[in-house]
2 protein chains.
Amino acid sequence: MNVDIGNILTDKSQPSLDKHEFEELAERVRVGHERIAEGRENNEFGYAALNLPETVDSDEIRRKTDHFADSDAVLTVGIGGSALGAATITTAVGNDEVEHYVLDNVDPEHTQSVLNSLDLGKTAVHVVSRSGTTAETLATFLVVREAMDDAGVDWTEQTIVTTGDDGPLRTLAETHALPALDVPDNVPGRFSALSTVALVPAAIQDCDIDAFLDGGKEGAESLSPSLSDCPAYAYGAVSYALGQRGADMNVMMPYAERLEPFSEWFAQLWAESLGKDGGGQTPVRALGATDQHSQLQLYRAGPRNKLVTFVRPQETANVTIPETDIDELSYLGGSELGSLLDAEFEATEASLATAGCPNVRIEIEQLNEQSLGRLLYDMEAACILAGELYDVETFTQPAVEWGKRAARGLLGESEFEEAAAIAEKNRHIID
Amino acid sequence: MNVDIGNILTDKSQPSLDKHEFEELAERVRVGHERIAEGRENNEFGYAALNLPETVDSDEIRRKTDHFADSDAVLTVGIGGSALGAATITTAVGNDEVEHYVLDNVDPEHTQSVLNSLDLGKTAVHVVSRSGTTAETLATFLVVREAMDDAGVDWTEQTIVTTGDDGPLRTLAETHALPALDVPDNVPGRFSALSTVALVPAAIQDCDIDAFLDGGKEGAESLSPSLSDCPAYAYGAVSYALGQRGADMNVMMPYAERLEPFSEWFAQLWAESLGKDGGGQTPVRALGATDQHSQLQLYRAGPRNKLVTFVRPQETANVTIPETDIDELSYLGGSELGSLLDAEFEATEASLATAGCPNVRIEIEQLNEQSLGRLLYDMEAACILAGELYDVETFTQPAVEWGKRAARGLLGESEFEEAAAIAEKNRHIID
């Protein structure tokens, strides 16, 4: 993996970094790296995520998922960090033969439609919640379990659980002797992509999870105090520095359809980790080349308030565009679909650069287990480094608690006073 | 459909609108409406979109798609405005029995994987391009056509075309006597959701396209010079006004999984129409309740630079959460999944309001053809009104041309000098 920051170092870029600012940033990276190294050394809360490639027991994951090898489908029931890593891996490098579905919402119509489409007797269900009490996840699991009962399927044969040491899900697993895995210690959900949390569906799909973890190890080895030698830190540092200079948004725009959920995963990582104390870049999800026909007008001609991050596999499959006798299209015929995508990527990057819109290019060789493991590891390291630079509590998400309590209050638990604020809502309805 | 702007009229909201500013805005809406009414009267470029519910010939769409009634699947080949409206409609109110696939990228692996998954002899292909020369669309169509040939399928029996009066796609349709529909006159792609462009796949799925257009008519009838009587203009006006006061982003967050593509559609509408002359709000795609576990931390505790727009159907399907003997979860048992989603919605809205993050609530009764037609129509009217207030050329997208020319230059057409800029790229690679 490499990161090309050339397009933010020119004075054409607004904002940009000059040589002096770059050196100052490099000094701060050195200090940030020391803190991170210390955190990893002591397996501290959050920093422990960067040790996962070494600490995860892939044999255990394979052993516990072996029972599900013949499944037609795998269904993840989880939300946020319990779902996005798994979806990212299976979409990017998974195996189409065993479809991966995710129920990470409580929309009744969607839940029902997914359940109706599945052959439940051949579906492995992976329920994930650290606390075992996440309302959306547990409510959905209760519905899934009932659907299996109704279909005459023994849900205890189809279910695998990943959870913490105690709580309702742990009790459930023990009561029914379900295969169960531990969520990793000291790792917040959004940093758990290189762990049991995300790897169970991948293992059921027979992905090479060791190669994925090898990619993570490669990322771990690449961490170094020098900004100029460490792609992960370089990305985190320049995103932070541009953010401080007016790039309030970070547009994540992979040029690979299979990386679409990666942008969702990145959006959680970036938003929940850095969106605190009145600061933080807003992640914006995009997709190349599709969004050239949707968002590019704004990126190029709108305000200079965003950094665009491209992610691009250097090699893709060969699909030749057939020759055509249509004159206006003859320039396409005989070339590869991938070459067209490449040309569009380079054109879009240059289009933004010439207009002064800052952008960074992240390249991976090709999209496979190893390069994906490296990419996710490096993005996590980039985020943790950015957290050091912003000086925020990277690994917590205190602002979501208010809403959780209010929702529980609305559902009839009387002890939550936040629910009262809802009744006071100021209405001004136009119809 | 109604719009509740109460949460931006309180002085807690940052930014907010006070009474005086609201009155001033109402005066500008009056003027904007006059311009829009005049544009509609003369069926002017762009404004013509607001006449579509009256001008579209739904009988013709049904007649020309009748041949495809027995299809197992429909495949849209188009990009941007030629794809997003169709995806929005079929996902929101479509019929699962006839799956709708969209090829709106030129990713070789994705294209191949979609083609491999289809029974091509039972797939209707809808190719859409106004000019008939859109590179991504035509390249993809050439690949699809060859795949059909290779599978021994007569592609001329499976293909329907929507295009302009001339160009390669029109010629193709004439040569092979394909069923063909006209793109509407004077309507840019991103404003064509209430036309042939988006309705063909919906018709093949046997959606009630007349009810959808009736929803559009209802929207047309609701347009009025008074901000306080017109939900569409109210939404456009307050989004603009908040944007001018620092809400640089507009987060579109429906609480309905089936509205996920709607946010993509809205993102194109808003970005390409208003992202000009150094201004324009950046649309940010989100989904409730899922993104509470991903983006809410940032929205609540990050910078006050965004407006959050909720879209919420008041009624959803009934799915009861089974009773459970698990103590910690007993508050969930017996209630509806939809009630949980509602509680989460209200809690999230209040969570943002109490933290001073401006938000607007758009409500529809339930998600069906008619309410969706109304929603899309009203969002288009909102966008056009916002364009009047920003005083931009709402209906053009000049900034995407540079990249298009550069890409064609890279693909070997010598007359495009933009391609030269790509060779001059400033590189600073960290690996």
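How accessible is B:Asp210: buried, exposed or partly exposed? At 29% relative accessibility, B:Asp210 counts as partly exposed; here buried means under 20% relative accessible area, exposed over 50%, and partly exposed in between (1.4 Å probe, protein chains only).

## Ground rules

This is a predicted model, in which local features need pLDDT of at least 70, side-chain atom pairs count only at pLDDT 80 or more, and totals for chains, interfaces and linings use all residues. Residues are numbered from 1 along each chain as its sequence is written, chains are lettered from A and ligands numbered from 1 in the order in which they are written, and side-chain values use heavy atoms, with hydrogens and water left out.

## How the two chains are related

## The interface

Contact here means heavy atoms within 4.5 Å, and it takes 127 residues from chain B and 127 residues from chain A. The two chains bury about 11000 Å² between them, 62% of it on carbon and sulfur atoms. Buried area is the accessible area (1.4 Å probe) that two parts lose on being put together, summed over both. B:Gln297, B:Tyr331 and B:Ile430 supply 7% of the area that chain B buries against chain A, more than any other three residues.

Between the chains there are 10 salt bridges, each a side-chain nitrogen of Lys or Arg within 4 Å of a carboxyl oxygen of Asp or Glu. There are also 44 residue pairs in polar contact between them (both at pLDDT 80 or more). A polar contact is a pair of N or O atoms within 3.5 Å; within protein, one must be able to donate a hydrogen and the other to accept it, and residues adjacent in sequence count only if both atoms are side-chain atoms. Helix H14 (residues 337–354) of chain B gives the largest share of the side that touches chain A, 13 residues. Helices (H or I, at least four residues) and strands (E, at least two) are DSSP runs, numbered from the N terminus.

## Salt bridges up close

Over all chains, the whole structure holds 46 salt bridges. One of them pairs A:Glu109 with B:Arg258, the closest N and O atoms being 2.3 Å apart. This pair crosses between chains, from helix H5 (residues 108–117) of chain A to the loop between strand E7 (249–254) and H12 of chain B. A:Glu109 is partly exposed at 23%, and B:Arg258 is partly exposed at 22%.

Back to B:Asp210, whose salt bridge with B:Arg62 has its closest N and O atoms 2.8 Å apart. The pair links distant parts of the chain, 148 residues apart: B:Asp210 in helix H10 (residues 209–222) and B:Arg62 in helix H3 (residues 58–65) of chain B. B:Arg62 is partly exposed, with a relative accessible area of 34%. A further salt bridge joins B:Arg361 and B:Glu349 at 2.6 Å between the closest N and O atoms. B:Arg361 is buried at 6%, and B:Glu349 is buried at 2%.

## Annotated positions

An unreviewed UniProt entry places the feature "active site" at A:Glu272, A:His293 and A:Lys404; such annotations may be inferred rather than shown by experiment, feature names are shortened, and the positions are given in the numbering used here. The three span 133 residues in sequence, and the farthest two C-alpha atoms are 37.6 Å apart, so they do not all gather at one spot.

A:His293 sits in the loop between strand E8 (282–285) and helix H13 (296–301) of chain A and is buried, with a relative accessible area of 13%. Leaving out residues up to four places away in sequence, A:His293 touches residues including B:Glu272 and B:Lys404. A:Lys404 lies in helix H16 (residues 401–410) of chain A and is partly exposed at 40% relative accessibility.
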